[in-house]
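Here is a short briefing on one model. Look over the sequence and the structure first, then read the points below.

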Amino acid sequence: MTDIRNIVILTGAGVSAESGIDTFRDAGGLWEQHKVEDVATPEGFARDPDLVLRFYDMRREAIQAKQPNAAHEALARLDREWDGELLIVTQNVDDLHERAGAKRTLHMHGTHLNAWCTACDARTRWTGPLIDRPECPKCGARSLRPDVVWFGEMPYEMDRIYAALRQADLFVSIGTSGAVYPAAGFVRDARELRIRTLELNLEPSQGSRWFHESRHGPATQVVPQWVEELLG
Ligand code: OAD
Ligand code: ZN
């Protein structure tokens with residue numbers, strides 16, 4: 001892989017699984033315990049805001065007690081040591097990439113650690129609960145919601161993601177089921193752009209057949225191995 005210079009990495013819930021954060025679609029995953037349309041859509045929020053705020057308050061509290069694992073650490077090392085372009089696009093709303101030290105990250109599905117004011121549009125770092133309808137620090141309205149992208153809403157910074165893909169020589173997908181678009185389509189976009197594609201996942205995903213190469217195993221093993229290989 002000596003001709004690799006610019007890399008786009010897509011991560012999903014699988015990269016945080018070994019930190020003790022539930023994935024969505026694995027057995028016992030979040031979408032088995034909760035209905036997507038109740039807790040992860042604008043309609044669900046309009047119908048029962050308390051249910052949705054409580055769900056995200058619990059998740060926000062839980063992730064703060066978790067720690068980055070060897071996969072996050074390896075990607076942070078790659079970020080530090082890689083001279084070429086690198087963008088870690090994550091679908092995860094936790095902050096474990098950043099806590100491991102990665103800087104070149106993009107949260108396409110938002111983050112648990114921001115509150116978004118629907119009155120003034122301000123985003124504020126938020127670590128506490130939202131259920132009591134605290135005031136927006138910017139405008140004072142009690143209109144804060146989690147800054148996470150729900151089904152039916154547009155993921156963030158798609159232009160920046162596609163711009164990075166157009167410059168990339170390698171696209172790597174880590175720990176994601178390939179079930180949710182547009183992220184699930186990045187591998188096909190990459191193929192059209194004639195970029196090399198690699199999947200690192202516990203098991204073959206829905207999109208596996210689109211990748212030039214797939215390596216299967218727990219993220220804490222396959223990711224550090226791959227990074228070591230790449231940095232040589
Ligand atoms: P999923 O739960 O759909 O998929 C998790 C993937 O990680 C599966 O392919 C697992 O095989 C794999 N996996 C599990 N444990 C792993 C481990 N230890 N090492 C490596 N891989 C492992 O989660 P995502 O693909 O991230 O969106 O889900 C995508 C989006 O769907 C999420 O961002 C969220 C969800 O609904 C929104 O909420 C908008
Ligand atoms: Zn506000």
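Which protein donors hold the zinc ion (ligand 2)? They are Cys-117 (SG), Cys-120 (SG), Cys-136 (SG) and Cys-139 (SG), lying 2.3 to 2.4 Å from the ion. This is a predicted model: local features need pLDDT of at least 70, side-chain atom pairs count only at pLDDT 80 or more, and totals for chains, interfaces and linings use all residues. Residues are numbered from 1 along each chain as its sequence is written, chains are lettered from A and ligands numbered from 1 in the order in which they are written, and side-chain values use heavy atoms, with hydrogens and water left out.

**Zinc site**
- Donors are N, O and S atoms within 2.8 Å of the metal (3.2 Å for Na, K and Ca); water is not among the atoms, so sites may look incomplete.
- Along the chain, the donors of the zinc ion (ligand 2) are spaced C-x2-C-x15-C-x2-C.
- The four donor atoms subtend angles of 108 to 113 degrees, so the arrangement is tetrahedral (four donors, all angles between 85 and 135 degrees).
- Cys-117 counts as buried because its relative accessibility is 0%.
- Cys-120 is partly exposed, at 31% relative accessible area.
- Buried means under 20% relative accessible area, exposed over 50%, and partly exposed in between (1.4 Å probe, protein chains only).

**Ligand 1**
- There are 24 residues around ligand 1, each with a heavy atom within 4 Å of the molecule.
- Ala-13, Phe-24, Arg-25, Thr-176 and Ser-177 come nearest.
- The shell divides into ten nonpolar, ten polar and four charged residues. Ala, Val, Leu, Ile, Met, Phe, Trp, Tyr, Cys and Pro count as nonpolar, Asp, Glu, Lys and Arg as charged, and the others, Gly among them, as polar.
- An oxygen atom of ligand 1 lies 2.7 Å from a side-chain N or O atom of Arg-25.
- A polar backbone atom of Ala-13 is 2.8 Å from an oxygen atom of ligand 1.
- For the side chain of Asn-201, the distance from an N or O atom to a ligand 1 oxygen is 3.0 Å.
- The protein covers 94% of the 800 Å² of accessible area that ligand 1 has on its own (Shrake-Rupley method, 1.4 Å probe).

**Backbone exceptions**
- Most residues other than glycine have a negative phi, and most peptide bonds are trans.
- Tyr-181 and Pro-182 are joined by a cis peptide bond, with omega about 5 degrees.
- Asp-121 is not a glycine, yet has a positive phi of about 75 degrees. Asp-121 is partly exposed, at 48%.
- Glu-157 also has a positive phi, near 55 degrees. Glu-157 is partly exposed, at 41%.

Note on methods:
Four donors count as tetrahedral if all angles lie between 85 and 135 degrees; four count as square planar and six as octahedral if opposite donors are over 155 degrees apart and all others between 65 and 115; anything else is irregular. A polar contact is a pair of N or O atoms within 3.5 Å; within protein, one must be able to donate a hydrogen and the other to accept it, and residues adjacent in sequence count only if both atoms are side-chain atoms.
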